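Please find below a colleague's note on the model. The points are numbered and follow the structure displayed here.

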Amino acid sequence: MSGALSAISAAVAGVILNLAIWFGLHVLFGRVERLESGPLSLPYPDPTTLDPAALFLTIVAAASLLWWKRGVFQTLAICAAAGWLLMLV
């Protein structure tokens with residue numbers, strides 16, 4: 001039973017990582033294409049379509065969670081305020 005649960009946990013972690021990468025690429029970049037070579041298919045973002053506001057909010061969220069040791073709700077509030085200020089500019 002323990003082996004089966006470990007396999008399921010690994011599969012779930014892989015799915016979460018895949019979704020995080022997919023959402024991160026599609027939020028930060030306006031256009032993401034596929035680079036295909038045989039059976040391998042990798043996402044390739046167009047660097048000219050980088051959204052600076054999204055990158056700024058990503059950095060603020062990472063700093064809030066990792067360096068400032070804020071909680072999730074405080075980080076959401078900080079990013080919401082920063083996003084609101086970016087809308088005004």
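In which helix does Ile78 lie? Ile78 lies in helix 3, where helices are DSSP runs of H or I with at least four residues and strands are runs of E with at least two, numbered from the N terminus.

1. Basis of the note. This is a predicted model, in which local features need pLDDT of at least 70 and side-chain atom pairs count only at pLDDT 80 or more, while totals for chains, interfaces and linings use all residues. Residues are numbered from 1 along each chain as its sequence is written, and side-chain values use heavy atoms, with hydrogens and water left out.

2. Ile78. At 31% relative accessibility, Ile78 counts as partly exposed; the classes are buried under 20% relative accessible area, exposed over 50%, and partly exposed in between (1.4 Å probe, protein chains only). Leaving aside neighbours within four places in sequence, Ile78 is in contact with Val60, Ser64 and Arg70, contact meaning heavy atoms within 4.5 Å.

3. Thr75. Helix 3, residues 72-88, also holds Thr75, which is buried because its relative accessible area is 6%. Its side chain makes a polar contact of 2.8 Å with the side chain of Ser64. A polar contact is a pair of N or O atoms within 3.5 Å; within protein, one must be able to donate a hydrogen and the other to accept it, and residues adjacent in sequence count only if both atoms are side-chain atoms. Not counting residues up to four places away in sequence, Thr75 touches Ala61, Ser64, Leu65 and Arg70.

4. Nonpolar surface patch. Leu65, Leu66, Trp67, Trp68, Val72, Phe73, Leu76 and Ile78 form a nonpolar patch on the surface, with about 960 Å² of accessible area together. Patch members have over 30% relative accessible area and no salt bridge; like charges are joined within 9 Å, and nonpolar side chains (Val, Leu, Ile, Met, Phe, Trp, Tyr) within 5 Å. Areas come from the Shrake-Rupley method with a 1.4 Å probe, and for residues only the protein chains shown count as cover; a salt bridge is a side-chain nitrogen of Lys or Arg within 4 Å of a carboxyl oxygen of Asp or Glu. Helix 2 (52-67) and helix 3 each supply at least two residues of the patch, and the largest share, 4 residues, comes from helix 3. Leu76 is placed in helix 3 and counts as exposed because its relative accessibility is 54%.

5. Lys69. The loop between helix 2 and helix 3 contains Lys69. Lys69 has a positive phi of about 55° although it is not a glycine, and with a relative accessible area of 65% it is exposed.

6. Ala54. In helix 2, Ala54 is buried, at a relative accessible area of 12%. Apart from neighbours within four places in sequence, Ala54 is in contact with Val27 and Leu28. Ala54 and Gly83 are 29 residues apart in sequence and 8.9 Å apart in space, C-alpha to C-alpha.

7. Ser37 stands opposite Leu40 in strand 2. The two strands form a hairpin with 2 residues between them, and Gly38 in the turn has a positive phi of about 65°. Strand 1 is hardly covered, with 0 buried residues among its 6.

Methods: Two strands pair if DSSP finds at least two bridges between them.
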